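Here's a quick briefing for anyone meeting this structure for the first time. Take a look at it, then read on for the helix packing and the aromatic rings.

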Amino acid sequence: MPHLQFDINKKLDEGVKQKFIKFVEHSFSEIMETGTDHIAISIREEEKSNLSLGRVNKNQDICLMNLDIRSGRKKKQVEKLVKTLMVGVNKILKVK
């Protein structure tokens, strides 16, 4: 079972979270050519100071993705999923 984790250093509106979850489920299902009933998704909202990424300023929003995907998936599928999810993080969660 894939587990897709998103740690973000800001509070999200409930509607935004649900929109993002639906986006992640749909994207994973389409790219990996599978259903959605086995996909686990975690969104963890942290305080600004609880997450760090060397390339961003301390006041910027951050979203760290941890994608636990079973072996056997094609490299192109995984690459496409990562790029697609990055776009979703930017457009839906408003994180650069």
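Start where two helices touch: F20, F23, V24, S27, F28, I31 and M32 in α1 meet Q77, V78, K80, L81, T84, L85, G88 and V89 in α2, with contact meaning heavy atoms within 4.5 Å. This is a predicted model, where local features need pLDDT of at least 70, side-chain atom pairs count only at pLDDT 80 or more, and totals for chains, interfaces and linings use all residues. Residues are numbered from 1 along each chain as its sequence is written, and side-chain values use heavy atoms, leaving out hydrogens and water.

- The residues of the α1 and α2 contact split into 10 nonpolar, 4 polar and 1 charged.
- α1 and helix α2 (residues 75-91) pack at about 160°, and their axes are 10 Å apart.
- That makes α1 roughly antiparallel to α2 (over 145 degrees counts as such).

**Aromatic rings**
- You'll find 2 aromatic pairs in the structure (ring centres within 6.5 Å).
- In one of them, the rings of F6 and F20 have centres 4.9 Å apart and planes at 85°, so the pair is edge-to-face (planes over 60 degrees apart).
- F6 sits in strand β1 (residues 3-8) and F20 in helix α1 (residues 14-32), so this pair ties together parts 14 residues apart in sequence.
- F6, F20 and F23 form one aromatic cluster.

**Burial**
- F6 counts as buried at 1% relative accessibility (the cut-off is under 20% relative accessible area, with a 1.4 Å probe and protein chains only).
- F20 is buried too, at 0%.

Conventions
Rings of Phe, Tyr and Trp (its six-membered ring) pair if their centres lie within 6.5 Å; planes under 30 degrees apart count as stacked, over 60 as edge-to-face and the rest as tilted. Helices (H or I, at least four residues) and strands (E, at least two) are DSSP runs, numbered from the N terminus. Buried means under 20% relative accessible area, exposed over 50%, partly exposed in between (1.4 Å probe, protein chains only). Axes are lines fitted to C-alpha atoms, for helices over the stretch in contact, and angles run from 0 to 180 degrees between N-to-C directions. Angles under 35 degrees count as roughly parallel, over 145 as roughly antiparallel, 65 to 115 as roughly perpendicular and the rest as oblique. Ala, Val, Leu, Ile, Met, Phe, Trp, Tyr, Cys and Pro count as nonpolar, Asp, Glu, Lys and Arg as charged, and the others, Gly among them, as polar.
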